[in-house]
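Hi,

Here's the structure I said I'd pass on to you.

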Amino acid sequence: MPVSLPTQAEALCLHQRLHSKDPIAPKDLAAAYLQPLIDWLARTIPGAPPDFREAAAGYALVNLVKKPASYDPARKELFPYLCMSAQGDLKNLLQQEARHHVGRVPWESVEDSPDAGKYLGREDDPSLRLSIAEAQAAPEDPAVAAVLASATEVERRVLALILQDERRTPVFAAAMDLADRPPTEQEREVKRMKDRLKARLKRERRQT
């Protein structure tokens, strides 16, 4: 059953973890807010290309990870803040595309949208809810334990997502600090990392 967005108290705790450089906090941020942001952009700016919406949502999360102090809890709750950040990133993406003469959505249509700038994350809005599954590496699996023992922090986050059966490239990109890269580069780097980790798991399982 879908769960609601984190409460503001939970959001403040997550924000503090970002301040404290908790290595798991970026993954938890993406798990809690990436899909709701994509859904919000889809409702607010339905004519924007889906890959642009996904990239903009990823940018908003990465910007917060890189600069937690950019968010002031006294001014706005976290999700509305992320919505406005993602909307600004989407505007920039559309403008960049327009400069290359292949713009598909005029920014005027964004500004004229009746939902532009509104917080749509209401408790009764199922499209802005997400079931958050915690990625847990199975300690009883010796192959997983062996890979984790020699993995970098980024590799550990990606492996946790693989074991969670996560498939969305933007989630992996956020875990790899790549959400500010173009979607094609995200896909290439995520695939490379996943293939490398899966190959290491396969080797370990052959040896056990």
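This is a predicted model: local features need pLDDT of at least 70, side-chain atom pairs count only at pLDDT 80 or more; totals for chains, interfaces and linings use all residues.

Of the chain's elements, helix H1 (residues 8–19) comes out with the highest mean pLDDT, 92, while helix H5 (residues 107–111) has the lowest, 45. For the chain as a whole, the mean pLDDT is 77, and 77% of the residues get to 70 or more.

Now find residues 101–139 on your screen: pLDDT stays under 50 along that stretch. The model does have 79 contacts beyond four places in sequence for it.

Next, a pair of helices. Two packed helices are described by the angle between their axes and the distance between those axes. Here the pair is helix H6 (residues 142–149) and helix H7 (residues 153–163), which pack at an angle of about 160°, and their axes are 10 Å apart. An angle over 145 degrees counts as roughly antiparallel, so that is how H6 and H7 lie relative to each other. Their crossing is right-handed. Which residues make the contact? From H6 they are Val-144, Val-147 and Leu-148, and from H7 they are Arg-156, Leu-159 and Leu-163. Sorted by class, that gives five nonpolar residues, one charged and no polar ones.

Lys-21 sits in the loop between H1 and helix H2 (25–44). Its phi is positive, about 65°, although Lys-21 isn't a glycine. Is Lys-21 buried or exposed? Its relative accessibility is 60%, and exposed means over 50%, so Lys-21 counts as exposed. Also look across to Val-65: this residue and Lys-21 are 44 residues apart along the chain, yet their C-alpha atoms are separated by 8.8 Å.

Asp-177 is the other one, found in the loop between helix H8 (169–175) and helix H9 (183–207). Asp-177 also has a positive phi, near 60°, in a residue other than glycine. With a relative accessible area of 39%, Asp-177 is partly exposed, because this value falls between the 20% and 50% cut-offs.

That's what I have for now.

Cheers

Notes:
Residues are numbered from 1 along each chain as its sequence is written. Side-chain values use heavy atoms; hydrogens and water are left out. pLDDT is the predictor's confidence in each residue, from 0 to 100. Helices (H or I, at least four residues) and strands (E, at least two) are DSSP runs, numbered from the N terminus. Contact means heavy atoms within 4.5 Å. Axes are lines fitted to C-alpha atoms, for helices over the stretch in contact, and angles run from 0 to 180 degrees between N-to-C directions. Angles under 35 degrees count as roughly parallel, over 145 as roughly antiparallel, 65 to 115 as roughly perpendicular and the rest as oblique. A crossing is left-handed if the near helix is turned anticlockwise from the far one by less than a right angle, and right-handed if clockwise. Ala, Val, Leu, Ile, Met, Phe, Trp, Tyr, Cys and Pro count as nonpolar, Asp, Glu, Lys and Arg as charged, and the others, Gly among them, as polar. Buried means under 20% relative accessible area, exposed over 50%, partly exposed in between (1.4 Å probe, protein chains only).
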